[in-house]
Amino acid sequence: MAKNDEVLIDEIRAALANAAKGRGSRPHFLTSYQILNRLSQSTKLRLISEHGSPGAGAQTYHSAASVIAGCLQKMGGEVERMYLDARGAAFDVDGAPVSAGYPVVGLYRLREVDPDAT
């Protein structure tokens, strides 16, 4: 894995770890749009500059949010995945509302580690 990927994955891991916990102690799910918005400003702007703005109307298939989704895939079993019908939903990316470019979006969270498994 490239050094840039490792740094980005560390930022993604931190965003997932800091997701809202609700009533429990476990962070809840985030979309790649939400993760992108929670990265450091420099990383977020670099990804958008290199890969384009995410969401509907972005005029690109491989946007900054797609890079996030690709890194989440590389994280393998460390991440749980579910899916959401995102029709009608908007996500904040750098202060602007973004609608998903596809009607179904991935939801991601860090997999709970079983302390007895070690």
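Reply: For solvent exposure, buried means under 20% relative accessible area, exposed over 50%, and partly exposed in between (1.4 Å probe, protein chains only). The model is predicted, so local features need pLDDT of at least 70 and side-chain atom pairs count only at pLDDT 80 or more, while totals for chains, interfaces and linings use all residues. Residues are numbered from 1 along each chain as its sequence is written, and side-chain values use heavy atoms, with hydrogens and water left out.

Me: Is Tyr33 buried or exposed?

Reply: The relative accessible area of Tyr33 is 8%. The cut-off for burial is under 20%. Tyr33 is therefore buried.

Me: Which residue forms an aromatic pair with Tyr33?

Reply: The structure holds one aromatic pair (ring centres of Phe, Tyr or the six-membered ring of Trp within 6.5 Å; planes under 30 degrees apart are stacked, over 60 edge-to-face, the rest tilted). Its centres lie 5.3 Å apart with 10° between the planes, hence stacked. The partner of Tyr33 is Phe91.

Me: How many residues apart in sequence are the parts that this pair ties together?

Reply: Tyr33 belongs to helix H2 (residues 32-38) and Phe91 to strand S2 (residues 90-93). Helices (H or I, at least four residues) and strands (E, at least two) are DSSP runs, numbered from the N terminus. The pair therefore ties together parts separated by 58 residues.

Me: What is the phi of Asp94?

Reply: Asp94 sits in the loop between S2 and strand S3 (96-99). Its phi is positive, in a residue other than glycine. The value is near 55°.
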